[in-house]
Amino acid sequence: MQLRIERIGRYRWRLPAAGSMRVDGLIYASEDLAQGGAIEEPARQVANVASLPGIVGHAIAMPDIHWGYGFPIGGVAAFDLDEGVVSPGGVGYDINCGVRMLATQLEVDQVSPRIQDLAEALYRRVPAGLGSARSDLKLSEKELDRVLTEGAGWASARGYGVGDDQERLEEHGCLEGAVPDHLSPRTRERGRGQLGTLGSGNHFLEVQVVDEVFDAPAADAMGLATGRIVVTIHSGSRGLGYQVCDDFLKVMLGAARKYGVELPDRQLCCAPIGSPEGQRYLGAMYAAANFAFANRQLMAHQVRLALEEELGWPPGRHGLSTVYDVCHNIAKIERRRVEGQERELCVHRKGATRALAPGDPELPPVYRDVGQPVLIPGDMGRYSFVLAGRAGSEEAFCSSCHGAGRQMSRSAARKAAGKRDVTSELASSGIILRATGRRTVLEEVSEAYKDVADVVGAVDGAGLAGRVARLRPLAVIKG
Amino acid sequence: MTTTGRPVYRQLDHTADLGLLVRAPSAELLFERMAAALFDVMLADMEAVDSAARSRDVVVEASDRETLLVAWLNELIGIAASEELVFSRFEVTGLAVDRLSARMGGEPFDPARHRYETEVKAATYHYLLVSEDEDGWSGRVILDV
């Protein structure tokens, strides 16, 4: 099927429904991001998603779209609860991979002289790398069940965390309806020792400085100001999430056949939301999502301890607070407006972030006027952004992009990086890198990623979310 | 049939992930070589794994040969991740369109001698291929890394 891609606005491209597509595709991208046919392969995936039963509105792709499988990475798709399906491929293997951002009252001049100490302390406190595990936090079956049902709340009830209310976390750091029983014993085994660990690949823990503010009232509400230090954690549900995804892809392959769903791509396998298979997946996926919320909470706690113990700065001095915590691989039931009507939908975001507009009742009071913080990590050598949700995101089921998006395969990146000493290069730009593996570092060089400023520019231009602040890395911990 | 140590295979370049391409004269060897390629990707030096230390048997089922390949690789990833065992020897003892039995040889992961190089989250169903032609068997699978 030859795909027609029509430009309908400065940052909008439409795929008119054709063939088996039930709705149009809608791709947000700038001219630059769409050039050289970069948009065509992901567009094909958008078209495939558009053919799934019960899909509502548009099959959506964000400017950081890149080739994934089944659903593209950087995709949003919402389904009617009665007619529609839920699909593990629309969430991804790393369930609730997401970002937690902590603001401080520390200034860069106070922290820079001690950045090596801080990087060292964080590197020691937060296990990172392939197969990273914590031996000090081996959970019993019962305790693991609590993590899986309570999420971030489990951690904060035990005194782990930064001391904020859960209201500054998406879904308050816990998805109701998690069913730990739906997890296989192997899933539990994989997760048990990994709570509180960073993982590897594109996961990171970064100490950053706010180097530009674009929206002063929003930055103020979020505790961000030029020169202030911020710490950002990017991680997910570790091996527990991967196992849930794989287990349920198997289930859904059978379910798609059973319910007569035609699959242009096996990785789009799915089941009706209300079916036993659909409900089992949701229960398991929510449990994995809660594991990830607890995971980020535990790592945030380690950040606090590093500041207080190794650096000797008491709470009154560091003033650590949670800016927000966002999911970018998730599916959940949300109430969204479609063609003027409010509907409950199963919204899938794979490599996309919720972006609630100002006034949304789900926002905590502190953000009611400015919109939901949208945390957008860039690559380790450049910058990251904080945005705030805008009214225009309604068209995209209140969603925005999630990051820079890769533009080079891992092996191409390693080749391009060659024998370069990436650690020294970053050091000469004032960035301390502490990484457990050299190979991952090569795969994560800046050139492997799109420029997140372009992605954010397109999102801002399209009215989905507005830029609030830009952050520059000072120290990067990678696995 | 048994496959021990690094097999011959090609890696496919994909933006976010890694593809494995393998050829073999038989379906059994194809499945063995895919497993060996998986561990070659996962470990910095899979030949440092003592294949005689531990033996493990598995049975895997799926609805067709292609999804069987994914199930096989994910079973290996699951065992490695949950039991901390790594393998360098693979013997397919039975292979039907929808069922595979195999024996693996390896040992517990030892950080002093073994090093993980790539975290493989799972084998995916994307661009999946297991097919026979007049020259033998071809397999293609994309790993989420």
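Analyst: In this predicted model, chain A and chain B bury about 3,000 Å² between them, and 51% of that area is on carbon and sulfur atoms. A:W67, A:R186 and A:R266 supply 23% of the area that chain A buries against chain B, more than any other three residues. In terms of contacts, 35 residues of chain A meet 33 residues of chain B.

User: What makes the pair A:R186 and B:E75 a salt bridge?

Analyst: The closest N and O atoms of A:R186 and B:E75 are 3.1 Å apart. The cut-off for a side-chain nitrogen of Lys or Arg and a carboxyl oxygen of Asp or Glu is 4 Å, so the pair qualifies. Between chain A and chain B the count is 5 salt bridges, and 10 residue pairs are in polar contact, both residues being at pLDDT 80 or more.

User: Which elements give two or more residues to the side of chain A that touches chain B?

Analyst: They are helix 2 (40–49), strand 4 (55–69), helix 7 (185–192), helix 9 (238–258) and helix 12 (410–417) of chain A. Helix 9 provides the largest share, 8 residues. By class, this side of chain A has 10 nonpolar, 11 polar and 14 charged residues.

User: Why is A:A412 called partly exposed?

Analyst: A:A412, which lies in helix 12 of chain A, has a relative accessibility of 22%. Buried requires under 20% and exposed over 50%, so A:A412 falls in between and is partly exposed.

User: Why is A:F397 called buried?

Analyst: The relative accessible area of A:F397 is 3%. This value is under 20%, and A:F397 therefore counts as buried. The residue A:F397 lies in the loop between strand 16 (384–389) and strand 17 (399–400) of chain A.

User: What makes the phi of A:F397 worth noting?

Analyst: Most residues other than glycine have a negative phi. A:F397 is not a glycine, yet its phi is positive, at about 55°. B:Y127 likewise has a positive phi of about 55° without being a glycine, and is found in the loop between strand 7 (122–123) and strand 8 (129–133) of chain B.

User: Is B:Y127 buried, partly exposed or exposed, and how do you know?

Analyst: B:Y127 has a relative accessible area of 34%. That lies between the limits of 20% and 50%, so B:Y127 is partly exposed.

Notes: Residues are numbered from 1 along each chain as its sequence is written. Chains are lettered from A and ligands numbered from 1 in the order in which they are written. This is a predicted model: local features need pLDDT of at least 70, side-chain atom pairs count only at pLDDT 80 or more; totals for chains, interfaces and linings use all residues. Side-chain values use heavy atoms; hydrogens and water are left out. Contact means heavy atoms within 4.5 Å. Buried area is the accessible area (1.4 Å probe) that two parts lose on being put together, summed over both. A polar contact is a pair of N or O atoms within 3.5 Å; within protein, one must be able to donate a hydrogen and the other to accept it, and residues adjacent in sequence count only if both atoms are side-chain atoms. Helices (H or I, at least four residues) and strands (E, at least two) are DSSP runs, numbered from the N terminus. Ala, Val, Leu, Ile, Met, Phe, Trp, Tyr, Cys and Pro count as nonpolar, Asp, Glu, Lys and Arg as charged, and the others, Gly among them, as polar. Buried means under 20% relative accessible area, exposed over 50%, partly exposed in between (1.4 Å probe, protein chains only).
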